[in-house]
Amino acid sequence: MVSSITREKAFALLQEYNKEAFHIQHALTVEGVMRWFAKELGYGEEEEYWGIVGLLHDIDFELYPEQHCTKAPELLKNGGVDDSMIHAVCSHGYGICCDVAPEHEMEKVLFAVDELTGLVGAAAKMRPSKSVMDMEVSSLKKKFKDKKFAAGCSRDVIKTGAERLGWTLEELMEKTIMAMRSCEAQIAEAMAVFGQ
């Protein structure tokens with residue numbers, strides 16, 4: 001898979017519709033996580049593609065939360081993104097806000113990690129280190145079981161995501177923590193530009 005848009009253009013497109021630091025940080029996190037998974041799962045030559053899909057996955061969420069994944073195709077098409085990438089972006093909302101099913105392994109990974117990165121990020125903020133670098137799966141599992149913690153992160157979506165990939169929940173958590181470790185410093189640096 002070859003991206004129809006450069007990373008630079010994708011980031012500019014994201015910022016056209018997303019101004020809040022929270023949304024930019026989430027996009028950068030999912031991008032970094034997707035890049036890690038591309039390499040980890042043997043799709044190294046598609047790392048850029050996986051990353052851009054991760055970067056753009058919530059392009060419509062800040063301005064059009066009620067039309068999430070249904071407004072995205074229009075915004076992406078206007079930005080020069082091709083149909084296969086639009087399908088990939090929208091597939092993370094399958095059964096939640098759209099009927100575009102995740103088919104490729106990359107789409108299944110995006111579906112599985114989107115909500116989980118939010119949960120991991122919230123758990124990291126509670127740690128003395130404020131980092132994922134020293135986070136263990138056991139402490140994340142405790143947070144996962146506490147339904148009041150990061151209540152906006154759907155546990156059902158995370159579980160379904162793991163099942164679609166044929167992984168245990170623990171495997172998904174462990175890999176996602178490792179993926180977030182791989183890009184934490186880079187994201188902190190990028191967010192410093194936004195005063196975060």
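A salt bridge is a side-chain nitrogen of Lys or Arg within 4 Å of a carboxyl oxygen of Asp or Glu. Asp-134 and Arg-127 form one through their side chains, at 3.0 Å from N to O. The whole structure holds nine salt bridges.

This is a predicted model, in which local features need pLDDT of at least 70, side-chain atom pairs count only at pLDDT 80 or more, and totals for chains, interfaces and linings use all residues. Residues are numbered from 1 along each chain as its sequence is written, and side-chain values use heavy atoms, leaving out hydrogens and water.

**Salt bridges**
- Asp-134 is partly exposed, at 37% relative accessible area (buried means under 20%, exposed over 50%, partly exposed in between, with a 1.4 Å probe and protein chains only).
- Salt bridges that share partners link Arg-7, Glu-31, Arg-35, Lys-39, Glu-47 and Glu-48 into one network.
- Within this group, Glu-47 pairs with Lys-39, their closest N and O atoms 3.8 Å apart.
- Glu-74 and Lys-71 also form a salt bridge, at 3.1 Å from N to O.
- Lys-71 is buried, at 15% relative accessibility, whereas Glu-74 is partly exposed, at 42%.

**Glu-107**
- Glu-107 is buried but has no salt bridge.
- The nearest side chain of opposite charge is Lys-108, 8.2 Å away (Lys and Arg count as positive, Asp and Glu as negative; His and the chain ends are not counted).
- Glu-107 touches several residues beyond four places away in sequence, including Ala-88 and Ser-91 (contact means heavy atoms within 4.5 Å).

**Glu-163**
- Glu-163 is exposed, at 61% relative accessible area.
- The C-alpha atoms of Glu-163 and Lys-108 are 9.7 Å apart.
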